[in-house]
Amino acid sequence: MENTTKIISIANQKGGVGKTTTALNFAAALKEKGKKVLLVDLDPQSNLSEYLGYEQQSHSKPTLSSLMSAAANGTLVSVSDAIYSNSEGLDYIASDIQLSSAEIFLINALSRETVLKRILKNDELNLYDYIIIDCLPSLGILMVNALAASDSVIVPVQAQKFALDGISLFLNAFQMVKNNLNPKLQLEGVLITMFDNTNMAKAVMEALSYQFKELLYKTVISKSVEATNSTYKRKSLVSCKSSRLGKQYISFTEEFLRRFEK
């Protein structure tokens, strides 16, 4: 039976653009729409894992770094044994600081660029409609692994001055992986985040619209303290029915589904 699970990376080599907030709330909104979703934390800083309520010292399941290390050594590990579920019922594979040594444990691995792909294409994960990867802000081997494993990429872009420089660097890496490792990789879309209605933000939106045309999502995520509060409370914005950002993420997800499942 053909694997219909779609793997989507939330990626941008620039930090602080709302990748983790987008990954979690996108997954929460997809779940609300009846989709089965798995989140994967591909950042050694483990912000997504913490947002989901993960506390390393109280858990003993494998993290993503141990899965990747084992796969790099050719060891078979049950991926389903590494899956947690948080208080909202969101499934995830956690990260830890050991992932920062990926360059070391992947250096001698066979096809080191596709280690993550071998983990996520596992038949154990066929029950999921979507696997959402929260990528680290880097263009190193972990990002290459994410892009090699993904069907498509959503790029969150903060509406500020240097946004266009950051996205052009990322798109160069995207094209390199598409040309050499994953010819089916698609740019799913570009999502404007932290929009504050200033002249600068409007100018960035206009430039992105000119560059990406229909690939730029019409939904815009506002700049708001709600995002920080949501992380602190370890609850998705989507779960709070009065949250303006939560409604924006639901709107974005509906826009994605109209595009992706048409």
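This is a predicted model: local features need pLDDT of at least 70, side-chain atom pairs count only at pLDDT 80 or more; totals for chains, interfaces and linings use all residues.
## Aromatic pairs and charges over rings

F256 is buried, with a relative accessible area of 0%.

F256 lies in helix α10 (residues 244-260), while Y130 lies in strand β5 (residues 130-135), so their pairing ties together parts that are 126 residues apart in sequence. Y130 is buried as well, at a relative accessible area of 2%; the cut-off for buried is under 20%. Y130 and F256 also belong to one aromatic cluster, which they form with F26, Y217 and F252.

The structure holds 6 aromatic pairs in total. Among them is the pair of Y54 and Y84, whose ring planes stand at 65°, so the pair is edge-to-face. Y54 is in the loop between α2 (47-51) and α3 (64-72), and Y84 is in strand β3 (residues 83-85); the contact therefore ties together parts that are 30 residues apart in sequence. Both Y54 and Y84 are buried.

The geometry of these two pairs is listed here.

| Pair | Distance between ring centres | Angle between planes | Class |
|---|---|---|---|
| Y54 and Y84 | 5.3 Å | 65° | edge-to-face |
| Y130 and F256 | 5.7 Å | 65° | edge-to-face |

Why do Y130 and F256 count as edge-to-face? Their planes are at 65°, and the class applies to planes over 60 degrees apart.

Charged side chains also meet some of these rings. The charged end of K61 sits over the ring of Y84, 4.9 Å from the ring centre. In the aromatic cluster that includes Y217, the ring of Y217 has the charged end of R259 over it, 3.9 Å from the centre.

Note on methods. Residues are numbered from 1 along each chain as its sequence is written. Side-chain values use heavy atoms; hydrogens and water are left out. Rings of Phe, Tyr and Trp (its six-membered ring) pair if their centres lie within 6.5 Å; planes under 30 degrees apart count as stacked, over 60 as edge-to-face and the rest as tilted. Helices (H or I, at least four residues) and strands (E, at least two) are DSSP runs, numbered from the N terminus. Buried means under 20% relative accessible area, exposed over 50%, partly exposed in between (1.4 Å probe, protein chains only). A charge sits over a ring if NZ of Lys or CZ of Arg is within 6 Å of the ring centre and within 35 degrees of the ring normal.
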